[in-house]
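Here are some notes to read alongside the model, written for someone meeting it for the first time. Keep the viewer open and follow the points in order.

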Amino acid sequence: MSDSVNRGRRDFLRQGVLAAVGWRQAAFAIGKAADAPASPLAELAYGQVQFGAGPLERQARENHRLVLELDEDALLRPFRVRAGLRAPGQELGGWYGTYAFAPGATFGQWMSALARYHAITGDAATRAKVQRLVRGYAATIDAPRSFYRRNRFPSYTYDKLVGGLLDARQFAGDDTALATLARATRAAVPYLPPRAMPRNEHAQPGEDFSQHAWDESYTLPENQFQAWQVTGERIHLQLGRRFLYDEFFAALARGDNALPGKHAYSHVNALSSAARAHLSLGKPMYLAAAQQGFAMVAAQSFATGGWGPDEHFVIPGSGALGAGLADQHKSFETPCGAYAHIKLTRYLLRITRDSRYGDSMERVLYNTVLGATPIQPDGRAFYYSDYTRQARKTFHPDRWPCCSGTLPMVAADYAISTCFTDSQGIYVNLYVPAQVTWTQNNQRCALSIETEYPYASSVSMTLQLPHAEAFTINLRIPEWAHGASLQINGKERQPLQAGQFAAIPREWRSGDRIELELPLTNRLESVEAAQPDTVALLAGPLVLMRMLEADPAVAGIARASLLAAQRDPHGRHDWQVPTAGGPVTLKPFLDIDAQSYSVYQTVLPS
Ligand SMILES: [Zn+2]
């Protein structure tokens, strides 16, 4: 991994890691960590990135509206009833209900999301709702009966509450949130396990909650270290350390693939605790665990960037991904998985400055979560992505599942995933229509991004500065973008190296304009090395999925025909492939509605 931009990369391909991570290892495998730059890239504040019209802006706006309209008595009901308090209003239902599968489990996430949307929009009603929820929850904490008694998910629910209360303080300015956090922590601690407990899928939930069979205590440290940083309270440092999943992390750091058989989303989420532990404790083992773990996930990913068929990790290269295309409709727990993936790649991008973590984030963004059907007001929610040969988008059978908690959060987090800064300048990670403001050399600077990317290859960026200012603009050049180039103020076009951040140091002036060109080359990726004829077609970061109802007769497609796919000349978001049986239409995941589709195609022997 490189410790700087534009100086080439050193790859540490250690034998054991190669064996562990399989054929897709080359992009991410490393054998040692600890050569990350001294300080990570900084995130911008939520309000510093304002999206223009497009799918990111739309999904954030839809989810803001959803959480703003959630009924507050229904949200508080599981906490009130389980505490033995009076509880007006209705049950929310689904997983969330008072005595249902995961009572109140998403409450903290919705509080987080509201606080983040307030930070993005400045909306007063959103802030007021956060403050009412903090007070409503606070009134249930010290009741005679504990909310956590006979609760299947004490760690999970408490972890999300910690995040929600921290965000209520930091992003919605709630001055009671930290005192509430202290009380919430005292109330939860007696119900937490002694250490990070492995998840036991074979246990019968409901039989014996003391075994913590389905709980996710190994995800606790991330928010605990954050709470320690915000409050300075040692209890949070102690809890962060206590729940570090050291046997899992040490195995990953050694290059042993400890993933197969494990629950996918929660263990990728745990890798964020490893990344956060590295930042908080400065121990290289935790960074190595996060990086190696990520490489092992990448080695068993679909072309969409999704992973975890039936919510579990498989053995890379074992044929499990390809075999599932026949009848496994549960290929990627999409909003939760994307939330964990985007958060982890954000940490790793910030820590290592390796642009390929941004490539991976972008792949998951466009090919999974942006295509999630919106959560309905009655709690029907998108959950699994379907990668079978006759796939359709569906809702989870139960209302208000885990993914209804993570979708509002990940959509808010697009704002902080777009650009990063260091003392030298700005890093542009996502090319989306946006107005970005940041402070450079104590001056307020702004960058406006205009683009139809990833449907088109050109990105225009214009600077607004108080006066001429010397700094570096770093542009992520995706690994597939061979032939990338840029032009500044219409002068000579310069070629750019793919697979790194292109650093452009310069004395910038207001009105300076960068025209970036990222050729959206068509290419094929097989589902696994052993199935070279089962391929997905990609154009730039987009997987193009074949629409089925229009062309039921087409069986296989010639490799060359698929590679010759062209976008509709009238600007629609679909691509055409000419075949002997007539044209075949392909679309990106985010442009598919009710129609049946296939992510993978069979290519004819050439
Ligand atoms: Zn989920």
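1. Buried here means under 20% relative accessible area, exposed means over 50%, and partly exposed is in between, with a 1.4 Å probe and protein chains only. Helices (H or I, at least four residues) and strands (E, at least two) are DSSP runs, numbered from the N terminus. The buried residues are Ala74, Leu75, Leu76, Arg77, Pro78, Phe79, Arg80, Val81 and Arg82.

2. A word on the source: this is a predicted model, in which local features need pLDDT of at least 70, side-chain atom pairs count only at pLDDT 80 or more, and totals for chains, interfaces and linings use all residues. Residues are numbered from 1 along each chain as its sequence is written, and side-chain values use heavy atoms, with hydrogens and water left out.

3. What do the buried residues of α3 pack against? Their partners are α4, α5 (124-141) and α6 (154-172), where contact means heavy atoms within 4.5 Å. Just after the helix comes Gly84, with a positive phi of about 80°.

4. Next, look at α4 (residues 107-121) beside α16 (residues 403-417): they pack at an angle of about 25°, with their axes 9 Å apart. Axes are lines fitted to C-alpha atoms, for helices over the stretch in contact, and angles run from 0 to 180 degrees between N-to-C directions. The two helices are therefore roughly parallel to each other; angles under 35 degrees count as roughly parallel, over 145 as roughly antiparallel, 65 to 115 as roughly perpendicular and the rest as oblique. The crossing of α4 and α16 is left-handed, a term used if the near helix is turned anticlockwise from the far one by less than a right angle, with right-handed used if clockwise.

5. To see the contact between α4 and α16, pick out residues of α4 including Trp110, Arg116 and Tyr117, and residues of α16 including Pro408, Met409 and Asp413. The residues of this contact divide into 9 nonpolar, 5 polar and 2 charged. In this count Ala, Val, Leu, Ile, Met, Phe, Trp, Tyr, Cys and Pro are nonpolar, Asp, Glu, Lys and Arg are charged, and the others, Gly among them, are polar.

6. Helix α16 also packs with α14 (residues 334-352): their axes come within 8 Å and cross at roughly 30°. That makes α14 roughly parallel to α16, and this crossing is left-handed. Among the residues that meet are Tyr339, Ile342 and Arg346 in α14 and Leu407, Val410 and Tyr414 in α16. The contact of α14 with α16 divides into 11 nonpolar, 2 polar and 2 charged residues.

7. Some backbone details are worth a visit. Trp400, in the loop between β4 (384-385) and α16, has a phi near 50°, a positive value in a residue other than glycine. Trp400 counts as buried at 3% relative accessibility. Glu311 has a positive phi of about 70° although it is not a glycine; Glu311 lies in the loop between α12 (284-298) and α13 (320-324) and, at 11% relative accessibility, counts as buried. Where is the cis peptide bond? It joins Tyr453 and Pro454, with omega about 5°, and Pro454 sits in the loop between β8 (443-451) and β9 (458-464).

8. Is Lys160 buried or exposed? Lys160, found in helix α6, is buried, with a relative accessible area of 6%. Leaving out residues up to four places away in sequence, Lys160 touches Ala105, Gly108, Gln109, Thr219, Tyr265 and Asn269.

9. Finally, visit Ser423, in the loop between β5 (419-422) and β6 (425-428). Ser423 is exposed, with a relative accessible area of 60%. Ser423 and Asn441 are 18 residues apart in sequence and 7.9 Å apart in space, C-alpha to C-alpha. Not counting residues up to four places away in sequence, Ser423 touches Gln440 and Asn441.
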